[in-house]
Amino acid sequence: MYALPSIFSPSLSAAPGMSRVSPLDAVEAAKRLAAYTAVDRHIRPEDKVIGIGSGSTVPYVVERILQQGEERNRDRVFLPTGFQSQQLITHSGLRLGDIMQYSQLDVTIDGADEVDADLNCIKGGGACQLREKVLAEVARTFIVVADYRKNSAVLGTSVSFPVPTLTHNSPTPPKYTSGVPIEVSPFAHTSVLRSLHTMLDSPKATLRMARAKAGPVVTDNGNFIIDAPFTEAALRKPHELLVKIKLLTGVVEVGLFCDIVKAAYFGNQDGSVSARFENGETAHIESSN
Ligand SMILES: O=C(CO)[C@H](O)[C@H](O)COP(=O)(O)O
């Protein structure tokens, strides 16, 4: 019953044990290392209500949870942050719950697009940030897992966020980063775009378009996504920026997660894991897997 669905992790579908896993490229191996380490440290036997985030790292989280065994998972319930993680949970044979039944979760583990030195994150690369933030905020412990490319000093500066070229009427053009994902009501998307362009110094903010559908990406909540690049100076104060964006009428949720993360785990290319904790401590963990 407990088997990782191949649609989420084709190269791992036959193997709950790492030694039988087919070779992964460096990034995939790093995602899996981060996920396994976080599950081993934070999903304890007594944790019964567990949030499962979205993205390509989270299937490794579920894989490790499955490896804890049927007995351990029998009386647990798993809450998804979107359609993808809902499918991941049900196809894995784990029990699916509904966030509307729970005001507190034991732990949520999710991916991130980027994490800064203070554990602020950019999320929403998969357009799931509303549900992700709800499940992060109601969890006693919110843990982020990612590969080494997401580990940044300042948001917007990692390789996963290439800086777009931009002309600007300034002698020294400010450095703009690629976007902060912003979920907006479709009705308000043009007015939010205008406010981002004119009031919040994000002239390159654009509506995210779908790849295999005509028109914009539509979220699990029926909304649109705007990707808004900001200057490095703005992203050095992510909480201030979050508040400004959130106050725009029509904004449903912003993919800036501030002061929520308890710990972040980054898989490295050399097989180690770097961890950062909310109290400012860091750890370098040599993998035993
Ligand atoms: O925020 C997210 C989805 O909205 C994801 O957690 C984020 O995009 C990271 O994804 P991946 O694990 O594929 O790098």
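A polar contact here is a pair of N or O atoms within 3.5 Å. Keep that cut-off in hand as we walk through this predicted model, starting at the ligand.

Let's begin with the contacts made by the ligand's oxygen atoms. One oxygen atom of the ligand is 3.1 Å from a polar backbone atom of C128, so by the 3.5 Å cut-off this pair qualifies as a polar contact. The backbone of G124 takes part as well, with an N or O atom 2.8 Å from an oxygen atom of the ligand. At T57 the side chain is involved instead: one of its N or O atoms lies 2.6 Å from a ligand oxygen. On its own the ligand has 380 Å² of accessible area, and the protein covers 91% of that.

Now widen the view to the whole shell. There are 16 residues around the ligand, and those that come nearest are S56, T57, D113, G124 and K150. By type, the shell holds eight polar residues, five charged ones and three nonpolar ones.

Where does the ligand sit among the pockets? The space it takes is the largest pocket, whose volume is about 710 Å³. A total of 34 residues line the largest pocket, and G124, G125, G126, A127 and R208 are the closest to its centre. Its lining is made up of twelve polar, eleven charged and eleven nonpolar residues.

Technical notes
Residues are numbered from 1 along each chain as its sequence is written. This is a predicted model: local features need pLDDT of at least 70, side-chain atom pairs count only at pLDDT 80 or more; totals for chains, interfaces and linings use all residues. Side-chain values use heavy atoms; hydrogens and water are left out. A residue is near a molecule or strand if one of its heavy atoms lies within 4 Å of it. A polar contact is a pair of N or O atoms within 3.5 Å; within protein, one must be able to donate a hydrogen and the other to accept it, and residues adjacent in sequence count only if both atoms are side-chain atoms. Accessible areas come from the Shrake-Rupley method with a 1.4 Å probe; for residues, only the protein chains shown count as cover. On a 1 Å grid over the protein atoms alone, a cavity is a set of points where a 1.4 Å probe fits but cannot get out, and a pocket is an open set with protein on both sides within 12 Å along at least five of seven lines; lining residues have an atom within 4 Å of a point. A molecule sits in a cavity or pocket if more than half of its atoms lie within 2 Å of its grid points. Ala, Val, Leu, Ile, Met, Phe, Trp, Tyr, Cys and Pro count as nonpolar, Asp, Glu, Lys and Arg as charged, and the others, Gly among them, as polar. Grid points are joined across faces, edges and corners, and a volume is the space filled by probe spheres set on the points.
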